[in-house]
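Here is a short report on a structure that may be new to you. Look through the sequence and the model before reading on.

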Amino acid sequence: MTELFVLAEHRQGEIRDVTFELLTKGKELAKKTSTDLTAIVLGHNAGNHAKRLADHAKRVLVIEDPRLENFNSEAYQMVLSQLISQRKPSLTLMGHTAFGVDLAPSLATELNLPLATDCVDLDFEGETLTVIRQVYGGKVNVKARVRKSEGYIVTIRPATFETEEGTPLGGKIVTIESPLSEDIEYKRFIEYVQPPAGEVDITAADSLIGIGRGIKDADNMPMMEELAATLGGVLVCSRPIVDKEWLPADRQVGTSGKTVKPKLYIAVGISGAFQHLTGMKNSDLIIAINKDPKAPIFRVADYGVVEDLFKIVPSLKSKISEAREAHT
Amino acid sequence: MEIIVCIKHVPETAEADITIDESGKRIEVEDLVFDINEWDDYALEEAVQLKEKLGGSVTAMTVGSEEGDSTLRKCLARGADRAIRLTDKAFEGSDGYATAKILHRAIKELPYDLILTGAQAGDDGYAQVGVTLAELLGVPHATMVKKVEFSGDQARVNRELEGGLEAVIEMKLPALITIQTGINEPRYVSIMGIRKAKSKEIKVLGLKELGLKEDEVGKAGSWMTVERMFVPPVEKEVEILEGTSDEVTTKITDILRAKGLI
């Protein structure tokens, strides 16, 4: 029977969440297309990973090799191109993550299999594959048709599909001998570098004021610091603020920063790239202030204010200040 | 060090009002301001800084129409030595894969030690062209890079992973690196620089010069065909607070008080 591959992603001994999201979607697609769901794991001492994956797939293929312990696209591509050429899965899914982004395009190009990246949905319509992708920073969705092929590779945006635990599938674990015969020639994994711990643990704060590109100028930072202080909250941000070094990296909320779930998140001048939304959309209460009514941040917010933030922030600061004084 | 930087001329959409046009397959771009793709801006700066440190030259290259010249001139003004625009009617409608094929044909004829691209583009967001290009050229690659160093024929880079973690990777040169934002501080262009850049040549190459066939590029040579565009669905129904600034902030304060947050 034809297979549908889900490539497991692991780092520092942990399987990444995106793997189970992909297996959940993969199960649905495999059922629809009458294919077998096969999880693929490349690693070293990957037995425990394989056992966990077996709950979510019909079959788990394990490729064991010390050179596969830490991700190296060169080694991974060598193994996967052989595996895909031999077994010809109808579809190979992986995360649109630092892992998938580094691996999928070169693998697809080598195999001459069509690739669709950063998809938020996919489906087989008859024999063709269609995907949904977000473009223009999440302001527009595109439905695209992928060129007909005997196999496809698709990278899926993390946190798009929810993991369903379901009944364990008791998949069969099959260990395949590593095809890596020679040394990896061009590329070497050296080490991981941990981010330095910040002064404040933003994941522990009850109230967060998140700021983004709309702040425009470093001169406007004190105003935002004051708003956060008045509220008794912590100032956090989306990526552009860290890129400009207006706040340290440990204040960044999102995929490459921290995931937060405070009681209150006020997003000021943040349009809401998915990388940011992923990190804050599960906050209890979200209030967004942005002058663009179509900003993606409004799609996850409870309350929205469509207005120039510079008109709102000073007034909001004094109102909160009054309310707190009245309270005490 | 000979460096090639691939850049894209894109509409600025982060703070712009976007509308889907009548075809339903594109957005209206008439009122949008075009500029260098944000990630490419950092890639260009990195290339110029490396040249200043190590010597050599920087070539900026783009695929697209003549309108991209303003972005190429900006690159020249910011320190690129040469600019090449790959333009042909047949290139229109190219996806990430077809774009990589076009770049490949142009780059394989040039000397290079390093190719830099942005980690992704702000319009299509494929995050695909750089790595596809590396594979076509047969050189190693590293994506989402936040630090680049060299020793001998090796590049040592820090890749940005999730949650602030970084992975240090070593690669043999020549190599392709896709650059993440925040790696440096892109410089402003001096008036002198812009003046000089206006007289510099922009080399233009098309389908024939690159030895490409029509069915290798454009829609025919692409993996993806856009069927339609639409506004993304909401995850939560937002309540928009209306009124004057004063009324709106009173409403917010009332909500916070009701929830016990102040």
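The report covers a helix pair, then a domain pair.

## Basis

This is a predicted model, in which local features need pLDDT of at least 70, side-chain atom pairs count only at pLDDT 80 or more, and totals for chains, interfaces and linings use all residues. Residues are numbered from 1 along each chain as written, chains are lettered from A and ligands numbered from 1 in the order written, and side-chain values use heavy atoms, without hydrogens and water.

## Helix against helix

The crossing is right-handed, meaning that the near helix is turned clockwise from the far one by less than a right angle.

From chain A, A:V101, A:D102, A:P105, A:S106, A:T109 and A:E110 take part in the contact. They meet B:V131, B:T132, B:E135 and B:L136. Contact means heavy atoms within 4.5 Å.

## Two domains in chain A

The domain assignment of chain A gives domain 1 (3-177) and domain 2 (202-327). Their C-alpha centres lie 35 Å apart. In domain 1, 8 residues are in contact with 9 residues of domain 2.

The area buried between these domains is about 600 Å². Carbon and sulfur atoms give 55% of that area. A:K139, A:R157 and A:A159 supply 58% of the area that domain 1 buries against domain 2, more than any other three residues. Buried area is the accessible area (1.4 Å probe) that two parts lose on being put together, summed over both.

Notes: Helices (H or I, at least four residues) and strands (E, at least two) are DSSP runs, numbered from the N terminus. Domain bounds come from an automatic or database domain assignment.
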